[in-house]
Structures are given as C-alpha cells and as structure tokens.
Amino acid sequence: MTQVNTLTLAIYAGIVALVVGAIAFTLSWNLWEFWGGPMPGIQALLFPGNVTLVHVWHPLFTEEVSFWPKLALLFIGQFVVVTLVVALVIGLVRKFNCLFAHPNR
C-alpha cells in the first residue's frame, strides 16, 4: 500500500473543506428567505472559518470590514484550520502506529 504524504493529504482535506464551506455559504446566502434565516447546519459546516474570524481576525481588524474581505478571511481560515488539524491528526496517528506496531511485521 502506498503511503500518502501527510501534507498532501492535509491540503486535499483543506481544499474539500473550503469547497464544502463555499457551497454551504452560497446556498445559505441565496436561500435566506426560504430558510427564514441561515441554513440549518451552516454553523457546523463553517465552524473552522468562524473560529478564525472571531479569534484571529476580529482582534486584528474592526467589525467594519466589508463583505468581500470578510468572506475571503472566512475561507482562508476554513482552509488553514482544517489543513492544520488534519495534518496534526495524521501525524499523531502515524506516530502512535509506529510506537505500537507489532515487531513481527
């Protein structure tokens, strides 16, 4: 079995999270009247991006940032947080697999 590079896999996961977040945001934005507010589940789907908006970008900028830069910051956070978390988890799993690997393999 071919081992995939940790960074490559983490970047692919970040790209998938970015695409899912963009689709969810677009659906929520365009169907606001249909849902009567934000789309159900949007907070879960955009959680990594929202965490960076609140805890990283908000202290650096004021709330008066216009829509498009804020959306870009949301998507940057979505990609970066998911990529870092996936890389960390894969690294830890591979490290523990090496520690607990059976010596006869």
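This is a predicted model: local features need pLDDT of at least 70, side-chain atom pairs count only at pLDDT 80 or more; totals for chains, interfaces and linings use all residues.
Start with F25 and W29, which make a stacked pair with 5.8 Å from centre to centre and 25 degrees between the planes. They sit four residues apart in helix α1, so about one helical turn separates them. W29 also pairs with F67, and that pair is tilted because the ring planes are at 35 degrees, with the centres 4.9 Å apart. This second pair links distant parts of the chain: W29 belongs to helix α1 and F67 to helix α5, 38 residues apart.

| Residue | Relative accessible area | Class |
|---|---|---|
| F25 | 18% | buried |
| W29 | 52% | exposed |
| F67 | 32% | partly exposed |

Ring pairs join F25, W29, F67, W68 and F75 into a cluster.

Now for the core. The largest nonpolar core has eight residues: A24, F25, M39, I42, L46, L71, L74 and F75. Helices α1 (6–30) and α5 (67–99) each supply at least two residues of this core, and the largest share, three residues, comes from α5. Setting aside neighbours within four places in sequence, F25 is in contact with I42, L46, F67, L71 and F75.

What about the two helices themselves? α1 and α5 pack at an angle of about 145 degrees, and their axes are 8 Å apart. The crossing of α1 past α5 is right-handed. Sorted by class, their contact has 18 nonpolar, six polar and one charged residues.

Conventions
Residues are numbered from 1 along each chain as its sequence is written. Side-chain values use heavy atoms; hydrogens and water are left out. A nonpolar core is a set of buried Ala, Val, Leu, Ile, Met, Phe, Trp, Tyr and Cys residues joined through side-chain atoms within 4.5 Å. Buried means under 20% relative accessible area, exposed over 50%, partly exposed in between (1.4 Å probe, protein chains only). Contact means heavy atoms within 4.5 Å. Axes are lines fitted to C-alpha atoms, for helices over the stretch in contact, and angles run from 0 to 180 degrees between N-to-C directions. A crossing is left-handed if the near helix is turned anticlockwise from the far one by less than a right angle, and right-handed if clockwise. Ala, Val, Leu, Ile, Met, Phe, Trp, Tyr, Cys and Pro count as nonpolar, Asp, Glu, Lys and Arg as charged, and the others, Gly among them, as polar. Rings of Phe, Tyr and Trp (its six-membered ring) pair if their centres lie within 6.5 Å; planes under 30 degrees apart count as stacked, over 60 as edge-to-face and the rest as tilted.
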